[in-house]
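Please look through the structure below with the sequence beside it, and follow the explanation one step at a time.

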Amino acid sequence: MNTVVNDQKVRRQLMLIGGEWVPAASGETIAVENPGRRQIIATVPRGGAEDVDLAVKKAHAAFASWKRTPPRERGRLLQTIAEKIEAEHENLARQVAEETGNALRTQARPEIKIAADIFRYFGGLASELKGETLPLGHDLLSFTQREPLGVVAAVIPWNAPFLLASLKIAPALCAGNTVVMKTAEDAPLAVLELAKICSDVLPSGTLSMLSGTGQECGAPLLNHPLVAKLSFTGSTAVGKLVMEAAAKRVLPVSLELGGKSPSIVYPDATDDWVIEGLVAAMRFTRQSQSCTAGSRLFLHRKIYDNVLERLVEATSKLRVGDPLAEESDVGAIINERQYNKVCGYIEDGMKQSGSKLLCGGHPRDDKSLGDGYYLRPTIFAQGTNDWRLAREEIFGPVLVAIPWEDEDDVIRMANDSHYGLAAYVWTHDIGKALRAARDIESGWVQVNQGGGQMPGHSYGGYKQSGLGREFSLAAMLDSFTQTKNITVNLVR
Ligand code: NAD
């Protein structure tokens with residue numbers, strides 16, 4: 001991570017603490033790179049414990065009046081934020097593409113659109129923060145009410161930063177909490193723009209947005225004594241540290257973690273839309289830097305060669321290039337470390353006995369790729385479920401195709417993972433589809449489609465893919481409120 005940059009063209013971005021745009025107390029910065037061009041484009045403050053302390057104290061002070069703001073008014077403000085995001089749509093999308101390497105047309109624009117939808121959706125749910133009356137006895141009035149928790153500490157990754165930030169900010173604020181968020185080191189800029197939009201609408205201190213590293217800024221935030229709830233999206237390894245921090249103070253915690261999702265194709269599913277769906281499910285157009293990528297492809301042996309041949313043909317049509325170029329379908333890997341890591345997996349796949357590289361491969365063998373961290377969609381055939389490539393989350397465009405014959409056997413292989421985030425099933429037979437959906441140990445199973453999450457959908461992981469849900473009303477209630485029961489004796 002480059003921290004000293006002396007270039008006039010590099011933008012110097014500040015962070016938001018309690019309504020003020022400030023540098024880090026230490027004065028230090030972090031450089032942000034455009035991975036498509038390997039150029040430093042901005043610096044952001046390298047926030048630390050002192051900055052965290054100030055932001056949390058401001059959020060704690062702001063909570064007193066924000067929780068008393070009528071829910072419909074909070075919802076109205078969130079809907080105003082949605083309108084402002086829409087008004088800034090193109091600039092925000094370009095910012096996301098520039099810093100994440102995600103292609104503007106296929107990824108960044110849709111990401112901003114869904115983020116606006118999320119603010120609008122949760123804004124409309126404000127009056128659903130309802131309790132229940134409980135029939136405890138004729139002379140007792142017993143009811144529950146939903147109350148906010150207080151200051152939410154939120155930490156997000158870089159792969160879809162604007163969407164993931166919105167997914168935490170909108171429901172947490174709607175429910176009456178205040179939020180201190182830490183952006184990801186690699187992609188803080190668009191999220192800081194989101195903070196600007198929010199701060200123009202919200203009371204000061206309601207949302208603070210910090211930039212900094214996980215250790216220096218994320219850890220003090222998660223461990224701050226005035227924080228009442230931890231909400232984390234990122235790797236399973238860091239998720240375990242977040243859970244430890246929560247355990248120390250018995251705090252509620254939500255974790256959206258990694259995945260290694262299976263995609264199971266039955267022998268009757270050879271239509272063109274299946275091929276398109278497999279490409280979408282693998283998230284090749286986001287360089288497969290997606291927690292829900294269907295990266296373990298279980299193809300029935302009868303259709304194995306046919307489907308793979310057409311899948312290779314479809315992926316080879318994807319244009320890999322500058323994320324900001326309109327014609328690019330696929331952009332760049334986020335940074336050099338991740339690029340080298342994915343290349344290591346490709347080398348590993350090439351060394352596996354019996355493996356067959358069908359497309360893509362190591363970028364050193366491909367001179368037509370540009371100077372950024374570019375990789376072509378890579379498919380290995382004749383894989384087995386015990387390959388390292390089939391067990392570990394690569395977070396890059398590397399797909400392993402594994403043949404199967406027996407239904408019980410393929411479900412067993414699909415479930416043989418410590419992850420359980422998403423899964424895809426492809427068949428015309430509704431009985432088979434529903435049996436597979438029932439038996440797969442994942443928080444989200446899609447049948448005959450490979451799309452992304454939508455507002456209203458209850459989304460989250462089984463096993464080590466996470467705890468808690470996002471995207472839905474139930475998720476907002478479970479993740480960002482606590483229930484109080486009040487019981488009144490009517491005859492005393
Ligand atoms: P990461 O866990 O390395 O980092 C995520 C965030 O945690 C960053 O902001 C980082 O600075 C912070 N962090 C790191 N160490 C920390 C610490 N000790 N204390 C506090 N904060 C710390 O993950 P990443 O590489 O940025 O993102 C990729 C991972 O995120 C993948 O595993 C992916 O599957 C997962 N992810 C999950 C979902 C989901 O919805 N389940 C969505 C997107 C990404």
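In this predicted model, helix α13, which covers residues 407-415, and helix α14, which covers residues 430-439, have axes that come within 10 Å of each other and cross at roughly 35°. The crossing in which α13 passes α14 is right-handed. On the side of α13 the contact is made by E407, I411 and N415, while α14 brings K432, R435, A436 and D439 to it. When these residues of the contact between α13 and α14 are sorted by class, two are nonpolar, one is polar and four are charged.

We can now turn to the ligand and its surroundings. There are 28 residues around the ligand, and those that come nearest are I156, E185, S235, L257 and E393. For E185, a polar atom of the side chain lies 2.8 Å from an oxygen atom of the ligand, whereas L257 places a polar backbone atom 2.7 Å from a nitrogen atom of the ligand. Y459 also takes part, with an N or O atom in its side chain 3.1 Å from an oxygen atom of the ligand. On its own the ligand has 850 Å² of accessible area, and the protein covers 87% of this.

Which elements give two or more residues to the shell around the ligand? They are α7 (214-222), β11 (227-233) and α8 (236-249), and α7 gives the most, with four residues. Taken by class, the shell around the ligand is made up of 16 nonpolar, eight polar and four charged residues.

Conventions
Residues numbered from 1 in each chain as written. Predicted model: local features only at pLDDT ≥ 70, side-chain atom pairs only at ≥ 80, totals over all residues. Heavy atoms only, no water. Axes fitted to C-alpha atoms, helices over the stretch in contact; angles between N-to-C directions. Left-handed = near helix turned anticlockwise from the far one by under 90°. Contact = heavy atoms within 4.5 Å. Nonpolar A, V, L, I, M, F, W, Y, C, P; charged D, E, K, R; others polar. Near = heavy atom within 4 Å. Polar contact = N/O pair within 3.5 Å; in protein donor to acceptor, adjacent residues only side chain to side chain. Areas by Shrake-Rupley, 256 points an atom, 1.4 Å probe, with all protein chains shown as cover.
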